[in-house]
Amino acid sequence: MSTSPVPDASSDALFGASDIRELAGALGVRPTKQRGQNFVIDANTVRRIVRTAGVRPDDVVVEVGPGLGSLTLGLLEAAERVVAVEIDDVLAGALPATVAARMPGHVERFELVHSDAMRVTELPGPPPTALVANLPYNVAVPVLLHMLETFPSIERTLVMVQAEVADRLAAPPGSKVYGVPSVKANWYAEVKRAGAIGRNVFWPAPNVDSGLVSLVRRAEPIKTTASRREVFAVVDAAFAQRRKTLRAALAGWAGSAAAAESALVAAGVSPQARGESIGVEDFVRIAENKVQEQDDNGESGQL
């Protein structure tokens with residue numbers, strides 16, 4: 001007789017609401033707000049996410065925050081390999097048994113990394129080609145940006161996040177919600193909203209709606225003489241005081257308002273513009289011109 005707390009697999013390996021609650025009860029798991037845990041309990045939603053993500057049979061998918069394994073099972077049905085990154089001790093300990101019980105023929109195609117996703121710098125096996133995840137609301141943007149930066153092999157990403165965060169990530173210049181996440185995500189990828197998710201497909205039901213965001217990595221990285229860190233420093237400065245003109249907002253970053261104006265003019269950006277009105281390529285040119293000024297003047301007076 002099996003001692004596994006995993007509910008018996010039916011003809012459909014994906015979890016339903018009763019399966020999720022039964023497994024959580026057996027494990028003594030109570031979803032916590034601290035870790036933004038809201039478990040998907042609807043198999044049709046899982047299938048929709050996998051379908052929208054365009055997961056292919058040859059994909060190596062990395063999933064962040066698999067929880068009890070709802071989405072993990074759906075991904076295993078479609079992908080060549082799934083690597084799940086889970087921080088929670090109990091959930092990480094249970095997930096391999098869940099895969100073995102529900103999809104015994106897929107065990108060799110699954111790997112668990114028990115870690116904080118923000119600390120992950122390498123993954124076992126072949127490089128990941130896709131990122132698909134129901135990201136915890138409280139860390140969604142930093143985790144997403146960390147994964148895109150750390151794993152350049154990720155070509156396609158589909159994340160489920162709070163609807164407000166989804167709007168921010170996909171917002172174009174000029175939008176009221178355009179900001180730091182919009183620009184930084186666009187540095188890596190073409191970003192768009194890919195659908196809405198209601199509250200009743202989660203347990204516990206969150207107090208906010210969710211949205212899907214699709215990110216397709218740029219075929220060619222943005223060409224620039226500035227580093228990512230230098231470009232992102234301009235972005236952070238520009239939005240730190242949203243109502244200020246770029247000349248004023250970038251004064252601290254550039255060393256003075258006059259230096260900021262010089263970099264802006266050289267980049268072809270109006271010093272009177274505001275951060276929410278310009279795109280990632282504009283931020284790149286601004287960073288390049290400050291970098292160029294430093295290169296030109298940095299050692300001119302030194303022996």
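A: In this predicted model, helix 5 passes helix 7 in a left-handed crossing. Helix 5 covers residues 140-150, and its axis lies 10 Å from that of helix 7, at an angle of about 20°. Angles under 35 degrees count as roughly parallel, so helix 5 and helix 7 are roughly parallel to each other. On the helix 5 side, the contact is made by Val-141, Leu-145, Leu-148 and Glu-149. Helix 7 contributes Pro-181, Lys-184, Ala-185 and Tyr-188 to this contact. By class, the contact of helix 5 with helix 7 has six nonpolar and two charged residues, and no polar ones.

Helix 7, residues 180-188, also packs with helix 8, residues 228-240. Here the angle is about 160° and the axes are 10 Å apart. Angles over 145 degrees count as roughly antiparallel, and helix 7 and helix 8 are therefore roughly antiparallel to each other. The crossing of helix 7 with helix 8 is right-handed. From helix 7, the residues in contact are Val-180, Val-183, Lys-184, Trp-187 and Tyr-188. They meet Arg-228, Val-231, Phe-232, Val-235, Asp-236 and Phe-239 of helix 8. Eight residues of the contact of helix 7 with helix 8 are nonpolar and three are charged, with no polar residue.

Lys-184 and Tyr-188 of helix 7 take part in the contact with helix 5 and also in the contact with helix 8.

Terms used: Residues numbered from 1 in each chain as written. Predicted model: local features only at pLDDT ≥ 70, side-chain atom pairs only at ≥ 80, totals over all residues. Heavy atoms only, no water. Axes fitted to C-alpha atoms, helices over the stretch in contact; angles between N-to-C directions. Helix = DSSP H or I, 4+ residues; strand = E, 2+ residues; numbered from the N terminus. Parallel < 35°, antiparallel > 145°, perpendicular 65-115°, else oblique. Left-handed = near helix turned anticlockwise from the far one by under 90°. Contact = heavy atoms within 4.5 Å. Nonpolar A, V, L, I, M, F, W, Y, C, P; charged D, E, K, R; others polar.
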